[in-house]
Amino acid sequence: MAAPMAAGTDPRALSWYEATARQRVAALADPGTFHEFLPPTERRMSPHLPLFDLPRAFDDGIVVGRARLDGKPVLVAAQEGRFMGGAFGEVHGAKLIGLLRAARDLRPAAVLILFDTGGVRLQEANAGETAIAEAMRAIAELRAAGVPVIGLIGGRAGAYGGGGLIAGACSRLAVSEGGRISVSGPEVIETNQGAEEFDSRDRALVWRTMGGKHRRLIGGADAFAADTVAAFRAAALDLIGRAPAFDLATLEAEQARLEARIARFGDCRDATEIWARMGVNDPDAVPAMTTASFDETVARVAEAHHDAR
Amino acid sequence: MTDWRSEARLPDERIAAGRAYADGKVVPATRAVALLEAVLRPGDRVCLEGDNQKQADCLARALAACDPGKVHDLHMVQSGIVLPEHLDVFETGIARRLDYSYSGPQGGRIARMLYGGQIALGAVHTYLELFARYFMDLTPNVALIAGVSADREGNLYTGPNTEDTPTVVEATAFKNGVVIAQVNEIVERVPRVDIPGDRIDFVVAADKPFYVEPLFTRDPAAMTETQVLMAMMAIKGIYAEYGIRRLNHGIGFGTAAIELLLPTYGERLGLKGRIATHWALNPHPTLIPAIEAGWVQQVHCFGSEVGMDRYIRERPDVFFTGRDGSLRSNRAFCQTAGLYACDLFIGSTLQIDLAGHSSTVTRDRVAGFGGAPNMGSDPHGRRHPSDTWMKAGHEAQGVGDPMLMRGRKLVVQLVETFGDKLVPTFVERLDALELARKTGLELAPVMIYGDDVTHIVTEEGIANLLLCRDADEREQAIRGVAGYTEIGRGRDRAKVEELRARGIVRRPEDLGIEPLDADRALLAAKSIKDLVHWSGGLYEPPAKFRNW
């Protein structure tokens, strides 16, 4: 069979949603500049999974390393959603935290976190929860030291559970339509509150509540990217350039933004009601919008633009 | 004197009793229970319309709410046991005997009720077989059917999901039966007359539109690279080699992957126009890219599919549509097309034994047959040749006078060696045998008999059973593609290599396929949204399939 049977010729045209963590990192960075720390050949695997008779991954589901982005030095972490839903275990978490702490000394132009996670790995819950807390603290310290931390969210697993919390701690977030950001997942909400409260099988409901378009419209994410590596690269470069200072003024602005948001939209029963209240002309048309027309809609919505975070 | 009209007077009496609750033919949903209690007699044969797609659900609820003191011991003769009410009536004694075809979602409960003796089961049929018996020994006394709209005369518009309705009405209305239709709305004038009003005795204005299950939608985002590999093997090793133009696909992900590979992989192999041009198939959303790329000449449908109606309306050159523009489906005719006019059936199954018998029955679930055995069998009544049919016939026969040869329909099982939850697909003994023993069935529910199967495709390769000359060769050919299952590991390696040398067992490399090329990038659509884009926005997927 001829060689170009598989993916297209341009790696940056690759679908972010479809790509593996390694494919994303390799295509995102300047060609040939990615250098992985603790690569699979080191076999730093979970010490806990064998107790449950579960298979391990040589990289524990996360790729970390350094690279250049448009010539600028960056550190990168990418979760592999195909391994245990990208969940945080002990080694997985330690690799992310180690990268964030290394950034304090190395002072890169930015740290990029390519989220693709359902949250904490149940089999390593304590270590996973600790890792979430330590990662959030490390991000706060890093941002205070002036290094922006940019989250890119467009993988199959989204950014759920502790992944959603870490995303909330980042300087800026870029999201695609397929990307989702939340803490409790749809099934968890349904299990606790019933299908009348939230029908997890209604995927359109899931996406208009937690998906990329909604998060961008309410200002939860700061950039909306088409589902290609090229679009996420452009978004990352843009967001590095406009990361907010991490000071008291920013935090107070964020607090004020969130208070205003709950006051204005707290009684809405569906995301379409929020969009209508924001002044979106045809809220029901939002989910089907192309990236170009969605960008135009975002430009007209005040809540989508702010300097807080 | 023989009274030749004793039966023929019955519908008049039943209709007269029912008129008390009707305004002309029209009955409000609130009086549906009273209507049924007036029309039905104990012991009646009743067809409550419902199959794997649409359901006369309003009438099903009404039947279940009838007083078992008045309505009891019914003999249900219907395609599908799908709604809870379909089985509730057996718990209350409203119904006692059952002849049916398909029981997908109720498979577990029907198995428990069969074990418990709450249902007196006649037989589990294929669709076409049950329809045939409607005209012989299972003719309904009363049919409870579903349509989209009706006028006050009873002229019925069944819409894109016509499905079983014409067959059920034909058997009931012309043999002294009473037909009651539920409709979503009563209108001045129906868009088209699917069933003439003089065959409909009562029209119930339903409280909500009848339910339709989107059974034929497969999300490309969930397709695996193993399925892509198997689809490549099927296209190159079977579709291309036999030049298959007229076909039916099952509902699995493997066949959906084939549909999505036609405009990409199939195109590169230069197969456009040479394969997959005429279909007996529901309007699978995953067929949209092949249609848009000009592969498909025509498609006849058993039923419709949720969200496909607008697309079908805009593609009348491909689909069968009425003068009103909407799809006209017909399960009986499409099953007949699948039986007699298709050269290939390809589908999946849960278990295959060493003789090639397959079944979707497990110890605690009776899923029924639906239509797969009609498509997945070699019709001995076929007389018209085609290149595909003749080639397969030559392979099967080996010797003898070619002018006296039967051709063969290709019946292909497309299965991964391990199914859901890593349960092996290949087994020594089908669970269906155990189920038949426990429930006292005379026949084990076999979906497709081994002697009808011509090829088995797994991720390990293709077994061509047509070329096997005895039972031992068949067994080794099946073991030869059964991978790491116990069956696969029990193969005679030397014999399998001999079969491989004869082209009976073929590996991907024997077909010139590099497994590493089996990439999701080959799928013409990788998500439901891609399908919407291919359709130019005409496909409107239901919410459960949308991730936007």
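**View 1. The buried residues of helix α3(A).** Ala127, Gly128, Ala131, Ile132, Ala135, Ala138, Ile139, Leu142 and Arg143 of chain A are the buried residues of α3(A) (buried means 20 or more other C-beta atoms within 10 Å of a residue's own, exposed means 12 or fewer, with C-beta atoms placed from the backbone). Looking down the axis of α3(A), these buried residues stay within an arc of 145 degrees, so they line one face of the helix (the arc is taken from the directions from the helix axis to the C-beta atoms). Over on the other side, A:Asn126 and A:Ala144 are exposed. This is a predicted model: local features need pLDDT of at least 70, side-chain atom pairs count only at pLDDT 80 or more, and totals for chains, interfaces and linings use all residues. Residues are numbered from 1 along each chain as its sequence is written, and chains are lettered from A in the order in which they are written.

View 2. Helices (H or I, at least four residues) and strands (E, at least two) are DSSP runs, numbered from the N terminus.

**View 3. Where domain 1 meets domain 2 in chain B.** Here 17 residues of domain 1 of chain B are in contact with 19 of domain 2 of chain B (contact: C-beta atoms, placed from the backbone, within 7 Å). On the domain 1 side, α6 (127-134) and α7 (165-173) of chain B each supply at least two residues, and α6(B) gives the most, with 3.

Notes:
Two residues are in contact if their C-beta atoms, placed from the backbone, lie within 7 Å.
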